[in-house]
Amino acid sequence: MTKLRSVLSVATALAVALPAMVGAAQAQTQIQVWHAFSGRLGELIDKQIADFNESQDEYEVVGTYKGNYTEALNAGIAAFRANEQPHILQVFEVGTATMMAAKGAIKPVYEVMAEAKEPFDPNAYLAAVAGYYTTADGEMLSLPYNSSTTVMYLNKDALEKAGLDPESRPKTWPELEELLVKLKESGSACPFTTTWQSWVHLENLSAYHDLPFATKSNGFEGTDTELVFNDDLHVKHISMLAEWVKNGLFKYGGRRSEPGALFRSGECAVMTESSAGYAGVKAEASFPFTVTNLPYWPDVEGAPFNTIIGGASLWVMAGHEAEEYVGVAKFLTYMSSPEVQAQWHQDTGYLPITTAAYDLTKEQGFYEENPGTDIAILQMTGKAPTANSKGIRLGNFDQIRTVIDEELEAVWQGEKDVKAALDEAVARGNELLRRFEQTAR
Amino acid sequence: MEKRVTFDNRLLPYLLLLPQLLVTIVFFFWPAGQALYQSLLLPDPFGLGAQFVWFSNFEYLAGDRYYLQSFVTTAVFTFFVTLVSMSAALLLAAMADQVIKGAGTYKTLLIWPYAVAPAVAGVMWLFMFQPSIGVLAFYMKAAGFNWNPILNSTHAMTLVIAAAAWKQISYNFLFFLAGMQAIPRSLIEAAAIDGAGKWHRFRTIIFPLLSPTTFFLLVVNIVYAFFETFGIIHTMTSGGPGQSTNILVYKVFSDGFVGQDLGSSAAQSVILMVVVGLLTFIQFRYIERRVHY
């Protein structure tokens, strides 16, 4: 398989390089794709694009890395204002409401597909994923591409050193706490850390326990939504984490994915992270590890429900020629084909976004060979999503996340009471929602 | 009596002024006017439409206590950046002024940091002081100091001040050194013959004679700390922990270019423009009087 792949990549490189050398003899229609992937993920998306280019000779897709998610979105917006937008822009889930509100700037995926007469079945996509990017009328606006959900990673060596069963998989937060205390007692300097604190410990906490993060079905039913993550369970959960910080169980490592390095280097024994962190952990960690479900609170009836996704989708930008959109449609079809998605899922830890890709991965026996890799998809699809666990669609969400980060940091520093901090985050976040409501009107 | 040069041609003086005026209009008045206009709008990020909202962007800011807090943060940041970078530069300049052998090498080396872009400076300092991977953070920990700029506001503030000040030292050094070399040697030698020690000479002759340079640098450094440091903040702390390093200009940047709230961002830049204008006015009105040219 690896051999075949390297042969393929050589062939791909030649296929890409040759036409360029000939001097672009035949005029191909160029399709610009702006994405936010560097490093290993960047290589993988480049490979997908190269394979597509090799598979046909009418269109040439050009992928460009535009910085992190926020920077890529900004580059897209700035380019649109200058009338130089790409055909396809990768936008993270947090930017979904912003893109949806920009009616004249985007071209909905279902429309692109219909106009290009490209076969397209929205039901082929996992409901839990597609729902995030679909309107109330069932129209898919952007193409799901890389979606992940939050899972827990445990360092087996660290567990063994602490005299614990290396196979332990704590199911609930109290169980995890017991384990962390033992790790601490055995001398671990960092029993626990987390990436994306707002996403994991407030947004997913809400969905996982069927609690609203915001009213109006987390914003799916309108922009007049209000944040409500200052409920009893949220306060209880954040109080527990604050206690952990105080007792040296939880080491705070930053707002986004930076704390992942603490786990990969072996410093932290347990981490809650995106399932897409799998590729990085597998590549860098010099110790055996387990991937397991996000813990839940056992006293909540019916818990655990399902977790929600993070990641990004592909948006088609308005303002290009009709024949270019035909190429865009062909590229989107290629990107969601079972083979491409299954490979992507297996390489990265992102969810397979179509049922076909999931089935294909099962057939290939990937889950048996790599235990833990199906945790994310089972956790996402284990139960039918409720109004609270379909996803979150808020305007100014990036700024709201920053507000939450700021308030949580005040809690970790011991400067602020948990309830006061969450109340403040809700109040400040609501102001941002009102501003968005006004601009989106 | 001053001698005045007069032009015979009435048009010529305006023609000669024109290039400078054009530059000022295109690069200052026009963007400033745009900012002023935008601050009254509530646009959507894509520029598809905008509502005229009068002063509601300003009202929104006035009601945001974190915005008011940001003024205090900026004041602290600016004060320390200016103080640290100017005093360090003065010390280095005073020493370089006395070096005879290899003076050129020292001077060149000291000027280098100025060529480093703020964002790059931020990343370099972060590499040294990042609690998990930083070399210096490692030694600080080994020495028993619990260094944690990710969660400790004071540590974070110290770090960004150090990085911002370090970058500006070169610039200040250059001006201080030039200022010192412009002081007539005879004055200093005369004082030395009269028995004044090094410190005494510095305090009573060099420092007062440097005052035009010091004043100029004060204005420049304050403007630097206000406007040019967002790259450092962005790469090092993103304004955190909490909002403890969220200075005004970083908030303009993050609200506008991260949050896509262009109306609020424009309103903030207008406020910032007024604040810096006022500060410079005060400096020229009150401090400049004490400057001997």
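Two strands are taken to pair if DSSP finds at least two bridges between them, and the helices (H or I, at least four residues) and strands (E, at least two) are themselves DSSP runs, numbered from the N terminus. The structure is a predicted model, in which local features need pLDDT of at least 70 and side-chain atom pairs count only at pLDDT 80 or more, while totals for chains, interfaces and linings use all residues. Residues are numbered from 1 along each chain as its sequence is written, and chains are lettered from A and ligands numbered from 1 in the order in which they are written.

By these criteria, strand S1 (residues 29–35) of chain A is joined to S3(A) by two bridges, and the two strands run parallel; within this pairing, A:Val33 has A:Ile88 of S3(A) as its bridge partner. S3(A) also pairs with strand S9 (residues 310–316) of chain A, here in the antiparallel sense and over five bridges, with A:Leu89 standing opposite A:Trp315 in S9(A). Four of the five residues of strand S3 (residues 88–92) of chain A are buried, so this strand is largely enclosed by the rest of the structure; a residue counts as buried if 20 or more other C-beta atoms lie within 10 Å of its own, with C-beta atoms placed from the backbone.

A further set of four strands in chain A forms an open sheet with the order S6-S7-S5-S8 and mixed pairing. Strand S6 (190–194) and strand S8 (289–292) of chain A stand at the edges with a single partner strand each, so one side of each is left without a neighbour in the sheet. From one strand to the next, the twist averages 20°, where axes are lines fitted to C-alpha atoms, for helices over the stretch in contact, and angles run from 0 to 180 degrees between N-to-C directions. S6(A) runs parallel to strand S7 (residues 268–274) of chain A, to which four bridges join it, and A:Thr194 has A:Thr272 in S7(A) as its bridge partner. Helix H8 (residues 173–185) of chain A lies across S6 and S7 of chain A, running at about 135° to S6(A).

Among the helices, H15 (residues 338–348) of chain A has several buried residues, including A:Trp344 and A:His345. The buried residues of H15(A) pack against helices H2 (39–55), H13 (278–284), H16 (355–363) and H17 (366–369) of chain A, contact being defined by C-beta atoms, placed from the backbone, that lie within 7 Å. H15(A) is followed by A:Gly349, whose phi is positive, near 95°.

How values were computed:
Two residues are in contact if their C-beta atoms, placed from the backbone, lie within 7 Å. A residue is buried if 20 or more other C-beta atoms lie within 10 Å of its own, exposed if 12 or fewer, and partly exposed in between; C-beta atoms are placed from the backbone.
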